[in-house]
Amino acid sequence: MFNSLSDRLTATFKNLRGKGRLSEADVDGTIREIRRALLDADVALPVVRAFTGRIRERALSEEVSGALNPGQQVVKVVNDELVGILGGETRRLNYAKRPPTVIMLAGLQGAGKTTLAGKLAYWLKSEGHRPMLVAADLQRPNAVNQLEIVGERAGAFVYAPEPGNGVGNPVQVATDSLEVAKAKLHDVVIVDTAGRLGIDEELMQQAADIRSAVNPDEVLFVIDAMIGQDAVKTAEAFLEGVDFTGVVLSKLDGDSRGGAALSVAEVTGKPIMFASTGESMKEFGQFHPDRMADRILD
Ligand code: GDP
């Protein structure tokens with residue numbers, strides 16, 4: 001069975017053991033396999049091109065080591081590069097020296113922000129924190145309600161505007177929430193913001209205004225792992241709009257092989273910090289670049 005890319009590459013090169021260096025012909029065959037696998041995994045085309053270009057160069061210039069056959073060697077190069085783009089080590093959350101730590105969430109509507117807010121709170125509690133959720137998505141009529149439900153499931157306090165008080169002004173709600181957090185001794189504040197189905201200048205400006213008002217320690221861009229080829233365009237727009245500090249991949253439990261992860265990491269240079277894999281609060285955790293590389297290569 002040679003279903004996985006690693007297996008296919010290893011098989012292609014089985015007979016080349018002992019060659020001092022890989023030839024261009026050897027490498028080009030491999031690059032075609034890698035390109036196909038990455039496109040199958042929904043990695044954006046420009047990212048595939050840049051990536052395979054680097055692999056080709058490295059594969060041609062490296063001596064084949066005694067311990068690995070040439071196929072395994074290329075697999076190792078591909079794996080190293082993937083892990084490198086995906087951020088190398090798991091990047092940990094940046095906490096404020098003086099609480100509360102402020103984490104702002106941004107992303108398209110439906111990306112999974114509200115769900116993620118609950119999961120993040122649940123996870124922070126398991127790490128010994130006292131998180132608070134802030135409903136600064138006042139765009140969708142049901143968003144505040146939804147955050148309250150999610151907060152209940154996570155066992156976290158939700159700060160939401162009272163009807164008639166601050167309604168329609170998410171910047172004010174976010175700003176006020178910091179005082180509330182201090183008074184109620186919450187050490188982490190998670191601010192949920194509004195998104196639309198497409199990239200929208202007005203909402204991007206609103207997110208940027210919230211960012212300026214609360215000066216967050218982290219701005220997490222939440223992206224649906226199933227988004228495929230659109231990942232690059234969306235990530236670029238949010239990077240420009242809110243200058244996010246890290247990425248969260250949601251819906252990694254779907255069919256997608258997670259190519260969006262690679263596209264976003266390569267194009268923005270920002271680390272992927274968390275992955276969300278289902279509807280339950282527990283289906284969430286820190287992102288591990290090496291495991292994602294395995295998934296893409298498999
Ligand atoms: P928001 O508009 O960005 O706040 O997105 P929501 O949190 O409302 O999520 C949109 C939909 O995706 C909801 O139906 C969620 O239940 C679902 N969802 C969110 N995260 C995940 C996930 O990790 N896996 C799956 N399968 N569904 C998710």
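In the predicted model, the axes of helix α5 (residues 113–126) and helix α6 (residues 143–154) approach within 9 Å and cross at roughly 25°. Angles under 35 degrees count as roughly parallel, and α5 and α6 are therefore roughly parallel to each other. The crossing of these two helices, α5 and α6, is right-handed.

The contact is formed on the α5 side by Thr114, Thr115, Ala117, Gly118, Ala121, Tyr122 and Lys125, which meet Gln146, Leu147, Val150, Arg153 and Ala154 of α6. Classified by residue type, the contact of α5 with α6 comprises six nonpolar, four polar and two charged residues. An α-helix has 3.6 residues a turn, so residues three or four places apart point the same way. Contact positions in α5 include Thr114, Ala117, Ala121 and Lys125, and those in α6 include Gln146, Val150 and Ala154.

Helix α10 (residues 259–268) is mostly covered, with eight of its ten residues buried. The buried residues of α10 are Gly259, Ala260, Ala261, Leu262, Ser263, Val264, Ala265 and Thr268. Following α10 is Gly269, which has a positive phi, near 70°.

For residues 271–284, the UniProt record, an unreviewed entry, gives the feature "domain: SRP54-type proteins GTP-binding". In the model, the span of residues 271–284 is 0% helix and 43% strand, and its end C-alpha atoms lie 17 Å apart.

Key. Residues are numbered from 1 along each chain as its sequence is written. This is a predicted model: local features need pLDDT of at least 70, side-chain atom pairs count only at pLDDT 80 or more; totals for chains, interfaces and linings use all residues. Side-chain values use heavy atoms; hydrogens and water are left out. UniProt positions are given in the numbering used here, feature names are shortened, and annotations may be inferred rather than shown by experiment. Helices (H or I, at least four residues) and strands (E, at least two) are DSSP runs, numbered from the N terminus. Axes are lines fitted to C-alpha atoms, for helices over the stretch in contact, and angles run from 0 to 180 degrees between N-to-C directions. Angles under 35 degrees count as roughly parallel, over 145 as roughly antiparallel, 65 to 115 as roughly perpendicular and the rest as oblique. A crossing is left-handed if the near helix is turned anticlockwise from the far one by less than a right angle, and right-handed if clockwise. Contact means heavy atoms within 4.5 Å. Ala, Val, Leu, Ile, Met, Phe, Trp, Tyr, Cys and Pro count as nonpolar, Asp, Glu, Lys and Arg as charged, and the others, Gly among them, as polar. Buried means under 20% relative accessible area, exposed over 50%, partly exposed in between (1.4 Å probe, protein chains only).
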